[in-house]
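Good morning, colleagues. Please have the sequence and the structure in view.

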Amino acid sequence: MIGRIISLLVVVFLGHATAWGASYYVSPSGSGSTCSSGSPCSFTTGLNNAFAGDEVVAKNGTYNYSIQTVRSGSSGNPIVIRAENRHQAILNQSGGVQDISLDIDHDYITVQGFVFDNQGEVNRGFFMVDLHPTGSNSTINNFILEYNILKNSGSGGVYMRNASNIILRHNKIDTTRLNSGNVGEGFYIGQNSNSPLTQNVEVYANWVTDTRDNFVDYKNPTRNVNVHHNIFENHISGDGLIRSQYDGSDTSSGNKFENNIVREATNPCCGIFYIDDKRVDIIGNVVYNISSPNRFFNKDTAQIGRAHV
């Protein structure tokens, strides 16, 4: 009986060991291939070494680097890219090698605890975080962005298209309107064309401040995108604080904007909520201190689904 218990414990322990995966530590001055806490490697080496179930752990400091994923994790075993100490690893876009601070090209990736700082490079760049499938990957699946700060962008916060099963939570997006020639949106979800579907997206518990054009833009086509329990504030200009684009005769998109706080905004030219035939259920939000709104909705709410603000 004792032998059986010991055998069971060994099996359980080994099972956990496999699930834990490896940790690859990186630092701004890292080198070599050891990638341990005491001897960290470069960010590039850490990303190249990580496979499903592994993590890349960034030590404190400022990295003149842009993150670009190398490969996918797997179901139950994502590749986790995280700061060792929350908000103490800073990705400085002014020295980055790409126009995008965080370029997600693969599935089952989680990114936690960084500061992405465009550092005044307002004429460079696209959105700070870009979910963009490339190569054989036609859709980005199962990505989590949590506990990060994205700041000082000339273009916008998060852009996703051809994406599915996405979670954006507990992030702060601070100042995306530094370049008046770019959109400056907080979340741009979908694509301005009949591209493959973006669906099953949850955006919650984020704080979005100092944006332009739209806080959130539901593009075409999107389904089951739920933006809830966020704070949106300090916005200027644009055709609506919340916008959805035309999507044919769609009446069952499952898209929602609910239980958010929207405040301190000015000059939404075409309505606080600019809903263009795509159904977005607008429920239970608190909206106040909006200067010079042309109107609350851009059209009859009967055309856009439930509108309980």
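Are Tyr159 and Tyr188 buried or exposed? Tyr159 is buried, and Tyr188 is buried as well; buried stands for a relative accessible area under 20%, exposed for over 50%, and partly exposed for the range in between, with a 1.4 Å probe and protein chains only.

A word on the basis of these values. The model is predicted, with local features requiring pLDDT of at least 70 and side-chain atom pairs counted only at pLDDT 80 or more, while totals for chains, interfaces and linings use all residues. Residues are numbered from 1 along each chain as its sequence is written, and side-chain values use heavy atoms, with hydrogens and water left out.

As to the overall composition, the protein has 2 helices and 28 strands. Both are DSSP runs numbered from the N terminus, helices being H or I with at least four residues and strands E with at least two. Of its 309 residues, 50% count as buried. Contact here means heavy atoms within 4.5 Å. Among the contacts with a separation of 6 or more, 77% are between residues 24 or more positions apart.

Let me turn to the aromatic rings. A pair of rings is described by the distance of the centres and the angle of the planes. Rings of Phe, Tyr and Trp (its six-membered ring) pair if their centres lie within 6.5 Å; planes under 30 degrees apart count as stacked, over 60 as edge-to-face, and the rest as tilted. The count by this rule is 7 aromatic pairs. One of them joins Phe114 and Phe116, a tilted pair with 5.8 Å centre to centre and 45° between the planes. Phe114 counts as buried at 0% relative accessibility, and Phe116 is likewise buried, with a relative accessible area of 0%. Tyr159 and Tyr188 form an edge-to-face pair, at 4.8 Å centre to centre and 85° between the planes. Since Tyr159 lies in strand β13 (residues 156-160) and Tyr188 in strand β16 (residues 185-192), this pair ties together parts that are 29 residues apart in sequence. Ring pairs also link Phe43, Tyr63, Tyr65, Phe114 and Phe116 into a cluster.

Two rings have a charged group over them, the criterion being NZ of Lys or CZ of Arg within 6 Å of the ring centre and within 35 degrees of the ring normal. The charged end of Arg71 sits over the ring of Phe51, 3.8 Å from its centre. For Lys172, the charged end sits over the ring of Trp207, at 4.1 Å from the centre.

Next, the nonpolar core, defined as a set of buried Ala, Val, Leu, Ile, Met, Phe, Trp, Tyr and Cys residues joined through side-chain atoms within 4.5 Å. The largest one has 56 residues, and those with the most contacts inside it are Phe43, Phe114 and Phe143. Leaving aside neighbours within four places in sequence, Phe143 is in contact with residues including Leu102, Ile104, Leu131, Ile166 and Leu168.

What of the strands? Two strands pair if DSSP finds at least two bridges between them. Strand β11 (residues 140-146) runs parallel to β14, joined by 6 bridges, and Leu145 has Leu168 in β14 as its bridge partner. β14 also pairs with β17 in the parallel sense, over 5 bridges; there, Ile166 has Val201 in β17 as its bridge partner. Of the 7 residues of β14 (residues 163-169), 5 are buried, so the strand is largely enclosed by the rest of the structure.

Asn200, found in strand β17 (residues 198-204), has a phi near 55°, a positive value in a residue other than glycine. Glu264, in strand β24 (residues 261-266), has a phi near 50°, again positive in a residue other than glycine. Asn200 is partly exposed at 32% relative accessibility, and Glu264 is partly exposed at 35%.

How many disulfides are there? The count comes to 1 disulfide, taken as a pair of cysteine sulfur atoms within 2.5 Å. Cys35 and Cys41 form it, with their sulfur atoms 2.2 Å apart. The torsion about the S-S bond of Cys35 and Cys41 is about 110°, so the disulfide is right-handed. Cys35 is buried, at a relative accessible area of 1%, and Cys41 is buried at 0%.
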